[in-house]
Amino acid sequence: MSRLGELTWKQRLGVDSCVRCGRCETVCPAYMSGSPLNPKQIIAGLSDQLRLEVDRPLAIDGGDVVVGDGLLVTPDALWGCTTCMACVQACPAFIEIVDDIVDMRRYLTLSEGAPPGTSAATFKNMERAGNPWGYSPDDRFAWGADLDLPFAERGQHYEVLYWVGCSAAYDKRNQRIARSVVRLLREAGVRFAVMREESCTCESARRLGEEYLYQTAAQANVENLGAYTFDRVVAHCPHCFNTIRNEYPQFGGSYPVVHHSQLIDELVTSGRLHPAGGAGPRVAFHDSCYLGRYNGEFEAPRATLRAAGVDVVELPRSRAEGLCCGGGGGKMWFEAKVDKDVNVIRMEEALAARPDVVGVACPFCLTMLDSAAKSLGVDDVKVMDVSEVLVQAIDGPVSPAV
Amino acid sequence: MPPHDPTLTACLQPTGPLRPTFCNVPEWAQVTLYVAGLLAIGIFAYGIYRHWRVWMAGQPGAPARNTGRWGERAGLVARYVLGQSKTLERRYAGLFHTGILWGFILLFIGTALATIDWDVFRLFFATRLLGGPFYLGYEAVLDTAGLVFTVGLLLAIWRRYVTAPHHVLGAWDFVIWSLVVVNVTGFVVEGLRLAIAPVAWGGYSWVGQGLANLVFAFGGAEFIQGPARSLHLWLWLLHAAAAPRRRWCSSRRSRSPTRCTWSRCRPTPSSRTSSPSEPGPRSSRSTSRTPSSSACRGSAS
Ligand code: HEM
Ligand code: SF4
Ligand code: SF4
């Protein structure tokens, strides 16, 4: 979207109802970090523009181009958004700010051919190799080479299909999340499988406006998933989880989808998993936007931590008001100069709670907060996925992949 | 009180509690009110129509979550509009929003009942709605609503101009101040009315009666039947005229006819950028903003 004439009536109704309260501004991690993004300014600006344009014959020209350098909404502002939904959660007029921002990004990426920074290379990798880094698709399950992973077979029935996602498949640190999940599934005796054809959901490409890439990937993934029989999909990545759960039905792929923390919580409650108990570490829990605000799941990751005997420490901004790690919306894939990175702001907040561990439920959060810890020179506080904390409670530190 | 003065006869309640209508208001002012009222309704309707056009110029189609499920969505309206549960997520802001909203709703109902009483019950059924115990309850509820409304406005003003966190800048001042004027003049008009034509049940209009007592304390009969009456009339006119409006464009138009500039987006002193009463971001590092650049980042300035 680059002209207001392209907005649906629903989007226009939303933008027109902005009351300039600025709540979105107060919760926006991009704005906090000093990026040029101010959601209030975008929505209020569009709202003014709508009212100015309505007396002109819109049908003829669709309105002025409002997105571009020096125009009402600048690309730099749009690329600042982590799609964390904090603004939408805060907005008393229920304006779907993130959808509007992604709409304008789509214009920049697809019509202008101007995606941000190095993300064009990331798109290429996703397209060619099925992962954002461009690693070989053959290495997708290298993290479990010593684990004798069960690959899904046609005609077989599985309780869960474990969707690993690129981050835990290729990122050395995050491979330990996948290993923990497998460890827990085995411990509980869950009949599970991973899918050899698994490939990037291209969710971050979609948030960066690369809709075609996303749709092609979605079709392929839905087709592949359709070949197997399973009761549900489990994903430890909230971005994969959200995509498969809420977006794949539009592509014909409707399955029950759970986040690994939900499954673990269930397994503990039903007695299939029984952690030994005992005093766990002091864990400050950081909510994932895509699990929490997007899907309303705040309890399961905390329950997972408690199952590990953990004393869960709540951060000042948590649950629906949780602060983003800075990694959503495709922000993982390019750098932008700001005053202070969001992940550093968040990590400082977490450190102020004096935890032993910062608990996360998302591989991107893990990467972002880990890198913040490094840049802050902190090495006595670890960032760990909730499943890793639980595995540690069961049998000590998780061994890294071979 | 000369009983032959028809505008004063309207103030009297000789048969017991009965809402005095157009007390001390001459015919020309009454006619003006009806004409201006119709005009205001017309302007209001045009404003709605203009917004309607803004929306309807859009592309068709709405997300599934915005269609159907009428019962559930009506429940959301009740919760978020009437119950203000969204604004109440922040205590201070939620408090004054709820006060202003409910003050306004009750006063709106009150004004509507007054119109129905005078222009429907009296004209068409030759009876009155606002009399007896119902009228006394009506007075007590409306005085309370007006006070809640006024306190809400003062809290809002405190935040907008005194604590003034950066994010509330850019709102239009006229609405809030005109509402203060309407409420304050409303009470003064009521107080003067109760001074000009006291009634034994004035205590039900407890705020107005308080003001009337002040008038008695400081002004003699001469003052009450002279200047107080003119003041009552002029404030009545001001009260009716200060009907709030909403600005079409929140920002000043720049030279280019199709660009709005955000006139309030300017650097603010750092002491004003975060409100102590605002339970938003709590990490001190992230709330203190550097006042160096333009305070509203982005393209427009
Ligand atoms: C924005 C709309 C309005 C608001 C917020 C408002 C508010 C108030 C308030 C707070 C009072 C004090 C007494 C009470 O609460 O009963 C009052 C009294 C009064 N208002 Fe309004 N008002 C509004 C519109 C109007 C209009 C359009 C008229 C028509 C002329 C009107 C006529 C009066 C009169 C005559 C009184 C004195 C009542 C008495 O003597 O007891 N008001 N108003
Ligand atoms: S989604 Fe998050 S980063 Fe994007 S504008 Fe809203 S609050 Fe800011
Ligand atoms: S929170 Fe919503 S209504 Fe308030 S300024 Fe932001 S977009 Fe506008």
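In this predicted model, helix 6 of chain B meets helix 7 of chain B through B:Phe187, B:Val188, B:Glu190, B:Gly191, B:Leu192, B:Leu194 and B:Ala195 on the helix 6 side. Helix 7 of chain B answers with B:Val207, B:Gly208, B:Gln209, B:Leu211, B:Ala212, B:Val215 and B:Phe216. Sorted by class, this contact holds ten nonpolar, three polar and one charged residues.

Two packed helices are described by the angle between their axes and the distance between the axes. For helix 6 (residues 173-196) and helix 7 (residues 206-218) of chain B, the axes come within 7 Å and cross at roughly 60°. Angles from 65 to 115 degrees count as roughly perpendicular, so helix 6 of chain B and helix 7 of chain B are oblique to each other. The crossing of helix 6 of chain B past helix 7 of chain B is right-handed.

Helix 7 of chain B also packs against helix 5 (residues 132-163) of chain B, at an angle of about 80° and with the axes 7 Å apart. Helix 5 of chain B is therefore roughly perpendicular to helix 7 of chain B. Here B:Ala140, B:Asp143, B:Thr144 and B:Leu147 of helix 5 touch B:Trp206, B:Val207 and B:Gly208 of helix 7. Four of the residues in this contact are nonpolar, two are polar and one is charged.

In chain A, attention turns to a ligand. Ligand 3 has 13 residues around it, of which A:Cys18, A:Cys21, A:Gly22, A:Cys24 and A:Cys91 come nearest. Helix 2 (23-27) and helix 4 (39-53) of chain A are the elements that each give two or more residues to this shell. The shell around ligand 3 comprises nine nonpolar, one polar and three charged residues.

Key
Residues are numbered from 1 along each chain as its sequence is written. Chains are lettered from A and ligands numbered from 1 in the order in which they are written. This is a predicted model: local features need pLDDT of at least 70, side-chain atom pairs count only at pLDDT 80 or more; totals for chains, interfaces and linings use all residues. Side-chain values use heavy atoms; hydrogens and water are left out. Axes are lines fitted to C-alpha atoms, for helices over the stretch in contact, and angles run from 0 to 180 degrees between N-to-C directions. Helices (H or I, at least four residues) and strands (E, at least two) are DSSP runs, numbered from the N terminus. Angles under 35 degrees count as roughly parallel, over 145 as roughly antiparallel, 65 to 115 as roughly perpendicular and the rest as oblique. A crossing is left-handed if the near helix is turned anticlockwise from the far one by less than a right angle, and right-handed if clockwise. Contact means heavy atoms within 4.5 Å. Ala, Val, Leu, Ile, Met, Phe, Trp, Tyr, Cys and Pro count as nonpolar, Asp, Glu, Lys and Arg as charged, and the others, Gly among them, as polar. A residue is near a molecule or strand if one of its heavy atoms lies within 4 Å of it.
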